[in-house]
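Hi everyone, thanks for making time. I'd like to walk you through one model today, so please have a look at the sequence and the structure first.

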Amino acid sequence: MTAASSLPPVALRAEGVGKSFLAGKLTTRILHGLSLSVHAGELTLVAGPSGCGKSTLLAILSGLQQADEGRVHALGNALHTMNRTALERFRLLHTGFVFQGFNLFPALDALEQVALPLRYLGLSAAQAKVRAVRALDEVGLVQRMTLKPAELSGGEKQRVAIARALAKEPQLLFADEPTSALDAASGQIVIDILHRVARTHGTTVLCVSHDPRLIGHADRLLTMEDGRILSDRRLAEPASFDVETAP
Ligand SMILES: Nc1ncnc2c1ncn2[C@@H]1O[C@H](COP(=O)(O)OP(=O)(O)OP(=O)(O)O)[C@@H](O)[C@H]1O
(Lines give C-alpha, C1' and ligand atoms only; values in the text may rest on other atoms or scores of the structure.)
Protein backbone atom coordinates (compact mmCIF):
# COMPACT_ATOMS: atom_id res chain seq x y z
CA MET A 1 0.00 0.00 0.00
CA THR A 2 1.42 3.41 -0.87
CA ALA A 3 1.02 5.76 2.06
CA ALA A 4 0.20 8.96 0.29
CA SER A 5 -2.38 7.60 -2.12
CA SER A 6 -4.59 5.48 0.12
CA LEU A 7 -5.99 5.65 3.59
CA PRO A 8 -4.93 3.36 6.43
CA PRO A 9 -7.38 0.61 7.46
CA VAL A 10 -10.55 1.58 9.29
CA ALA A 11 -10.19 0.92 13.02
CA LEU A 12 -13.55 2.34 14.15
CA ARG A 13 -16.77 2.53 12.22
CA ALA A 14 -20.16 3.88 13.23
CA GLU A 15 -23.19 3.41 10.98
CA GLY A 16 -26.46 5.17 11.68
CA VAL A 17 -25.74 5.55 15.39
CA GLY A 18 -28.50 7.10 17.47
CA LYS A 19 -28.57 7.84 21.19
CA SER A 20 -31.14 9.47 23.46
CA PHE A 21 -31.09 10.28 27.15
CA LEU A 22 -33.97 10.58 29.55
CA ALA A 23 -33.74 13.70 31.71
CA GLY A 24 -36.72 13.87 34.05
CA LYS A 25 -39.72 13.10 31.86
CA LEU A 26 -38.07 14.39 28.71
CA THR A 27 -36.22 12.20 26.24
CA THR A 28 -33.56 14.12 24.34
CA ARG A 29 -32.00 12.77 21.21
CA ILE A 30 -28.24 13.38 21.38
CA LEU A 31 -26.89 11.52 18.33
CA HIS A 32 -28.91 11.48 15.12
CA GLY A 33 -28.06 8.51 12.92
CA LEU A 34 -24.39 9.39 12.89
CA SER A 35 -21.94 7.58 10.62
CA LEU A 36 -18.15 7.85 10.46
CA SER A 37 -14.95 5.89 9.99
CA VAL A 38 -11.74 6.44 11.94
CA HIS A 39 -8.49 5.24 10.45
CA ALA A 40 -5.72 3.35 12.19
CA GLY A 41 -2.50 5.11 13.13
CA GLU A 42 -4.00 8.58 12.99
CA LEU A 43 -4.94 11.25 15.50
CA THR A 44 -8.55 12.10 14.71
CA LEU A 45 -9.99 15.09 16.51
CA VAL A 46 -13.72 15.53 17.06
CA ALA A 47 -14.52 19.17 17.78
CA GLY A 48 -17.77 21.02 18.31
CA PRO A 49 -19.70 23.12 20.79
CA SER A 50 -20.40 22.02 24.33
CA GLY A 51 -23.27 19.55 24.53
CA CYS A 52 -23.22 18.52 20.85
CA GLY A 53 -22.57 14.89 21.77
CA LYS A 54 -18.78 14.50 21.46
CA SER A 55 -18.26 12.60 24.72
CA THR A 56 -21.30 10.44 24.04
CA LEU A 57 -19.87 9.52 20.64
CA LEU A 58 -16.49 8.67 22.19
CA ALA A 59 -18.21 6.54 24.85
CA ILE A 60 -20.12 4.59 22.19
CA LEU A 61 -17.11 4.08 19.90
CA SER A 62 -15.04 2.82 22.84
CA GLY A 63 -17.68 0.45 24.22
CA LEU A 64 -18.26 2.47 27.40
CA GLN A 65 -21.88 3.04 26.37
CA GLN A 66 -24.19 1.34 23.93
CA ALA A 67 -26.04 3.09 21.15
CA ASP A 68 -29.83 2.87 20.98
CA GLU A 69 -29.64 2.19 17.27
CA GLY A 70 -27.07 1.67 14.56
CA ARG A 71 -23.93 -0.39 14.32
CA VAL A 72 -20.48 0.13 15.80
CA HIS A 73 -17.40 -1.83 14.78
CA ALA A 74 -14.10 -1.46 16.58
CA LEU A 75 -11.08 -3.41 15.31
CA GLY A 76 -13.56 -5.58 13.44
CA ASN A 77 -15.60 -6.37 16.58
CA ALA A 78 -19.34 -5.64 16.44
CA LEU A 79 -19.72 -3.70 19.68
CA HIS A 80 -23.48 -3.29 19.16
CA THR A 81 -23.94 -7.05 19.58
CA MET A 82 -21.85 -7.44 22.74
CA ASN A 83 -23.14 -7.69 26.30
CA ARG A 84 -21.64 -5.74 29.19
CA THR A 85 -19.09 -8.43 30.11
CA ALA A 86 -17.85 -8.74 26.53
CA LEU A 87 -17.57 -4.97 26.24
CA GLU A 88 -15.56 -4.81 29.47
CA ARG A 89 -13.18 -7.43 28.14
CA PHE A 90 -12.88 -5.62 24.82
CA ARG A 91 -12.00 -2.39 26.64
CA LEU A 92 -9.49 -4.14 28.90
CA LEU A 93 -7.66 -5.74 26.00
CA HIS A 94 -7.77 -3.08 23.32
CA THR A 95 -8.43 0.40 24.66
CA GLY A 96 -6.74 3.10 26.68
CA PHE A 97 -8.47 6.20 28.02
CA VAL A 98 -7.29 9.67 28.92
CA PHE A 99 -9.75 12.06 30.57
CA GLN A 100 -9.72 15.74 31.42
CA GLY A 101 -9.54 15.04 35.16
CA PHE A 102 -6.56 12.62 34.99
CA ASN A 103 -8.29 10.03 37.27
CA LEU A 104 -5.15 9.20 39.26
CA PHE A 105 -5.08 7.55 42.70
CA PRO A 106 -3.83 10.12 45.26
CA ALA A 107 -1.93 7.52 47.31
CA LEU A 108 0.05 5.97 44.43
CA ASP A 109 3.24 7.27 42.88
CA ALA A 110 3.53 7.63 39.10
CA LEU A 111 5.14 4.23 38.62
CA GLU A 112 2.42 2.49 40.65
CA GLN A 113 -0.34 4.33 38.75
CA VAL A 114 0.98 3.01 35.46
CA ALA A 115 1.88 -0.50 36.65
CA LEU A 116 -1.40 -1.24 38.45
CA PRO A 117 -3.68 -1.82 35.43
CA LEU A 118 -1.06 -4.12 33.91
CA ARG A 119 -1.53 -6.52 36.80
CA TYR A 120 -5.20 -6.86 35.71
CA LEU A 121 -3.91 -7.93 32.32
CA GLY A 122 -2.05 -10.76 34.03
CA LEU A 123 1.49 -9.37 33.95
CA SER A 124 3.82 -10.21 36.85
CA ALA A 125 4.96 -7.37 39.11
CA ALA A 126 8.37 -7.38 37.41
CA GLN A 127 6.92 -7.34 33.88
CA ALA A 128 4.49 -4.58 34.85
CA LYS A 129 7.33 -2.48 36.23
CA VAL A 130 9.41 -2.82 33.07
CA ARG A 131 6.49 -1.78 30.88
CA ALA A 132 5.49 1.05 33.21
CA VAL A 133 9.01 2.50 33.23
CA ARG A 134 9.09 2.30 29.42
CA ALA A 135 5.75 4.13 29.15
CA LEU A 136 6.83 6.81 31.63
CA ASP A 137 10.03 7.24 29.65
CA GLU A 138 7.98 7.75 26.50
CA VAL A 139 6.14 10.69 28.08
CA GLY A 140 9.37 12.10 29.54
CA LEU A 141 8.57 11.38 33.18
CA VAL A 142 10.92 8.63 34.18
CA GLN A 143 12.81 11.00 36.48
CA ARG A 144 9.60 11.76 38.37
CA MET A 145 8.14 8.29 38.69
CA THR A 146 8.37 8.16 42.48
CA LEU A 147 6.18 11.25 42.89
CA LYS A 148 2.50 11.19 43.85
CA PRO A 149 -0.18 13.26 42.07
CA ALA A 150 -0.04 16.05 44.67
CA GLU A 151 3.65 16.52 43.83
CA LEU A 152 3.10 16.74 40.06
CA SER A 153 1.89 19.61 37.86
CA GLY A 154 -1.34 19.29 35.88
CA GLY A 155 0.58 18.58 32.69
CA GLU A 156 2.69 15.95 34.41
CA LYS A 157 -0.42 14.30 35.84
CA GLN A 158 -1.91 14.08 32.38
CA ARG A 159 1.34 12.59 31.08
CA VAL A 160 1.14 9.92 33.82
CA ALA A 161 -2.43 9.22 32.69
CA ILE A 162 -1.21 8.88 29.10
CA ALA A 163 1.62 6.57 30.20
CA ARG A 164 -0.93 4.45 32.09
CA ALA A 165 -3.01 4.15 28.93
CA LEU A 166 0.05 3.47 26.72
CA ALA A 167 1.54 0.82 28.98
CA LYS A 168 -1.33 -1.48 28.06
CA GLU A 169 -0.16 -1.13 24.44
CA PRO A 170 -3.74 -0.56 23.27
CA GLN A 171 -4.67 -0.42 19.61
CA LEU A 172 -7.23 2.25 20.41
CA LEU A 173 -6.59 5.32 22.53
CA PHE A 174 -9.52 7.57 23.48
CA ALA A 175 -8.96 11.03 24.90
CA ASP A 176 -11.81 13.19 26.22
CA GLU A 177 -10.81 16.84 26.58
CA PRO A 178 -7.23 15.89 27.53
CA THR A 179 -5.90 19.46 27.46
CA SER A 180 -8.81 21.48 28.87
CA ALA A 181 -7.44 21.64 32.38
CA LEU A 182 -3.91 22.53 31.22
CA ASP A 183 -2.04 25.72 30.37
CA ALA A 184 -0.90 26.28 26.78
CA ALA A 185 2.58 24.79 27.17
CA SER A 186 1.41 21.65 28.99
CA GLY A 187 -1.48 21.21 26.56
CA GLN A 188 1.00 21.41 23.69
CA ILE A 189 3.18 18.67 25.18
CA VAL A 190 0.17 16.42 25.73
CA ILE A 191 -1.14 16.74 22.20
CA ASP A 192 2.36 16.24 20.76
CA ILE A 193 2.61 12.98 22.72
CA LEU A 194 -0.79 11.79 21.47
CA HIS A 195 0.20 12.55 17.88
CA ARG A 196 3.53 10.78 18.25
CA VAL A 197 1.82 7.72 19.77
CA ALA A 198 -0.46 7.48 16.74
CA ARG A 199 2.40 7.78 14.28
CA THR A 200 5.04 5.63 15.98
CA HIS A 201 2.88 2.83 17.43
CA GLY A 202 0.17 2.76 14.77
CA THR A 203 -2.31 3.44 17.56
CA THR A 204 -5.68 4.83 16.55
CA VAL A 205 -6.14 7.97 18.64
CA LEU A 206 -9.60 9.51 18.87
CA CYS A 207 -9.67 12.77 20.77
CA VAL A 208 -12.74 14.87 21.51
CA SER A 209 -12.19 18.48 22.46
CA HIS A 210 -13.27 22.03 21.91
CA ASP A 211 -9.69 23.23 22.43
CA PRO A 212 -8.74 25.01 19.15
CA ARG A 213 -5.03 24.54 19.94
CA LEU A 214 -5.39 20.86 19.10
CA ILE A 215 -6.54 21.37 15.54
CA GLY A 216 -3.08 21.99 14.09
CA HIS A 217 -1.86 18.69 15.50
CA ALA A 218 -4.58 16.38 14.29
CA ASP A 219 -4.39 14.31 11.11
CA ARG A 220 -8.10 14.74 10.62
CA LEU A 221 -10.73 17.05 12.04
CA LEU A 222 -14.37 16.05 12.36
CA THR A 223 -16.71 18.85 13.41
CA MET A 224 -19.94 18.00 15.20
CA GLU A 225 -23.06 20.00 15.82
CA ASP A 226 -26.34 18.86 17.38
CA GLY A 227 -25.41 15.19 17.28
CA ARG A 228 -24.33 15.14 13.66
CA ILE A 229 -21.02 15.30 11.80
CA LEU A 230 -20.97 18.68 10.10
CA SER A 231 -17.60 18.52 8.36
CA ASP A 232 -14.72 16.12 7.83
CA ARG A 233 -11.37 17.69 7.02
CA ARG A 234 -8.01 15.99 6.46
CA LEU A 235 -5.20 18.08 7.91
CA ALA A 236 -2.23 15.87 7.12
CA GLU A 237 -1.28 13.24 4.61
CA PRO A 238 -2.63 9.81 5.62
CA ALA A 239 -0.35 7.94 8.01
CA SER A 240 1.96 5.51 6.29
CA PHE A 241 0.86 2.04 7.14
CA ASP A 242 2.29 -1.42 6.84
CA VAL A 243 1.39 -4.89 8.04
CA GLU A 244 3.59 -4.65 11.12
CA THR A 245 1.49 -1.82 12.57
CA ALA A 246 -1.87 -2.97 11.22
CA PRO A 247 -4.44 -3.82 13.90
N1 LIG B 1 -26.00 9.89 31.06
C2 LIG B 1 -26.66 10.97 30.64
N3 LIG B 1 -27.92 11.22 31.04
C4 LIG B 1 -28.61 12.28 30.59
N5 LIG B 1 -28.12 13.19 29.71
C6 LIG B 1 -26.86 13.01 29.29
C7 LIG B 1 -26.07 11.91 29.71
N8 LIG B 1 -24.85 11.99 29.10
C9 LIG B 1 -24.89 13.10 28.34
N10 LIG B 1 -26.09 13.71 28.44
C11 LIG B 1 -26.50 14.92 27.74
O12 LIG B 1 -26.22 14.74 26.37
C13 LIG B 1 -25.76 15.97 25.78
C14 LIG B 1 -24.44 15.73 25.10
O15 LIG B 1 -23.47 15.46 26.09
P16 LIG B 1 -21.94 15.17 25.72
O17 LIG B 1 -21.19 15.11 27.01
O18 LIG B 1 -21.87 14.03 24.80
O19 LIG B 1 -21.57 16.51 24.92
P20 LIG B 1 -20.15 17.15 24.61
O21 LIG B 1 -20.22 17.65 23.22
O22 LIG B 1 -19.06 16.18 24.92
O23 LIG B 1 -20.11 18.36 25.64
P24 LIG B 1 -18.84 19.05 26.38
O25 LIG B 1 -17.97 19.61 25.31
O26 LIG B 1 -19.49 20.10 27.23
O27 LIG B 1 -18.19 17.96 27.19
C28 LIG B 1 -25.71 16.99 26.91
O29 LIG B 1 -26.85 17.77 26.85
C30 LIG B 1 -25.69 16.14 28.16
O31 LIG B 1 -26.31 16.81 29.22
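First, two housekeeping points. Numbering starts from 1 along each chain, as its sequence is written. This is a predicted model, so local features need pLDDT of at least 70 and side-chain atom pairs count only at pLDDT 80 or more, while totals for chains, interfaces and linings use all residues.

The protein chain has six helices and 10 strands; these are DSSP runs, with helices being H or I of at least four residues and strands E of at least two, numbered from the N terminus. The radius of gyration is 18 Å, close to the 18 Å of the globule rule for 247 residues, so the chain is as compact as a globular protein of that length. That radius is taken over C-alpha atoms, and the rule is 2.2 Å times the number of residues to the power 0.38. Along the principal axes, the C-alpha atoms fill a box of roughly 50 × 45 × 35 Å.

How much of the chain is buried? The figure is 40% of the 247 residues. Buried here means 20 or more other C-beta atoms within 10 Å of the residue's own, exposed means 12 or fewer, and partly exposed is in between, with C-beta atoms placed from the backbone. For contacts, the C-beta atoms, again placed from the backbone, must lie within 7 Å. Among contacts between residues at least 6 apart in sequence, 71% join residues at least 24 apart.

Now to helix H6, residues 184–201.

On to the ligand. Its surroundings include Phe 21, Ile 30, Lys 54 and His 210, where a residue is near if its C-beta atom, placed from the backbone, lies within 6 Å. Which element gives the largest share of the shell? That is H1, with three residues.

Next, Pro 117, which is found in helix H3 (residues 110–120). Pro 117 has 17 C-beta neighbours inside 10 Å and so counts as partly exposed. Leaving aside neighbours within four places in sequence, Pro 117 is in contact with Arg 164 and Lys 168.

Last, some backbone angles. Most residues other than glycine have a negative phi. Asn 103, in the loop between strand S6 (95–99) and H3, has a positive phi near 55°. Asn 103 is exposed, with 12 other C-beta atoms within 10 Å. Glu 177 also has a positive phi, about 50°, and lies in the loop between S7 and H6. With 19 C-beta neighbours inside 10 Å, Glu 177 counts as partly exposed.

That's my tour, and I'm happy to take questions.

Note on methods:
Contact = placed C-beta atoms within 7 Å.
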